[in-house]
Amino acid sequence: MPYLLPIFTVLTLLTVQGCQFMPTKRALSNVSTQEQNQDKILSLLRQGNRYSNLSTKEQQAVCKRLTLDYQQHEDWQTAWLLIYSLNNSFKCVNLNKTIALLKSIQADITVNPSLQWMNIQQLQLLHKHQSLQSRNNKYLRKNSHLKTQLNEAEIQLQNVISKIQALKVIETTINQKTQ
């Protein structure tokens with residue numbers, strides 16, 4: 001009997017400790033949710049790859065369809081496809097709308113953190129692109145203005161040259177008459 005008490009104590013201890021290591025329903029559902037999220041992301045990436053491999057006309061048709069779909073449902077997956085898969089050189093969605101779509105995705109808390117991080121990086125790049133684009137437009141306007149000024153200066157120079165030549169002709173005729 002004295003041997004049964006330590007064995008009983010060890011078995012009780014193991015039983016209690018063993019229950020702590022069993023996965024709970026919450027832990028299982030969390031793993032299941034993560035797997036579902038990963039499956040959704042993979043599906044989204046595959047679909048985006050299919051869209052990016054389409055011809056230009058097919059991409060334009062898909063872009064129109066997805067734009068209409070997004071206007072009706074406003075889900076982040078459609079926005080993601082519009083931004084990343086069909087937006088070469090902002091042909092599908094312009095730069096400002098792309099930034100707005102990314103911000104709407106960022107506001108959705110159901111989006112995977114990895115995609116959130118990627119969207120933050122993309123937003124930073126797009127803001128930089130927007131800044132560079134506005135600076136470029138400013139320089140283009142300034143260049144155009146300077147070209148206009150240069151053309152006006154060339155016209156004025158030609159006028160001055162023609163007046164100088166006319167004065168030289170007058171001077172030559174006056175010199176010939178006085179001699």
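1. Helix 5 crosses helix 6 with left-handed geometry. A crossing is termed left-handed if the near helix is turned anticlockwise from the far one by less than a right angle, and right-handed if clockwise. The two helices, helix 5 spanning residues 95–107, pack at about 155° with their axes 10 Å apart. Helix 5 is therefore roughly antiparallel to helix 6. Angles under 35 degrees count as roughly parallel, over 145 as roughly antiparallel, 65 to 115 as roughly perpendicular and the rest as oblique. The axes are lines fitted to C-alpha atoms, for helices over the stretch in contact, with angles running from 0 to 180 degrees between N-to-C directions.

2. The model is predicted: local features need pLDDT of at least 70 and side-chain atom pairs count only at pLDDT 80 or more, while totals for chains, interfaces and linings use all residues. Residues are numbered from 1 along each chain as its sequence is written, and side-chain values use heavy atoms, with hydrogens and water left out.

3. The secondary structure consists of six helices and zero strands, in the order α-α-α-α-α-α along the sequence. Helices (H or I, at least four residues) and strands (E, at least two) are DSSP runs, numbered from the N terminus. Of the 179 residues in the protein, 19% are buried; buried means under 20% relative accessible area, exposed over 50%, and partly exposed in between (1.4 Å probe, protein chains only).

4. Helix 4 (residues 76–84) also passes helix 6 in a left-handed crossing. Their axes come within 13 Å and cross at roughly 40°, so helix 4 is oblique to helix 6.

5. Within helix 5 lies Ile105, which is buried because its relative accessible area is 0%. The C-alpha atoms of Ile105 and Gln116 are separated by 7.9 Å, the two residues being 11 apart along the chain.

6. Glu74 sits in the loop between helix 3 (56–73) and helix 4, and counts as exposed because its relative accessibility is 57%.

7. Leu167, Ile170 and Ile174 make a nonpolar surface patch of about 300 Å². Patches are made of residues with over 30% relative accessible area and no salt bridge, like charges being joined within 9 Å and nonpolar side chains (Val, Leu, Ile, Met, Phe, Trp, Tyr) within 5 Å. A salt bridge is a side-chain nitrogen of Lys or Arg within 4 Å of a carboxyl oxygen of Asp or Glu. Accessible areas come from the Shrake-Rupley method with a 1.4 Å probe; for residues, only the protein chains shown count as cover. Leu167 belongs to helix 6 (residues 113–178) and is classed as exposed because its relative accessibility is 58%.
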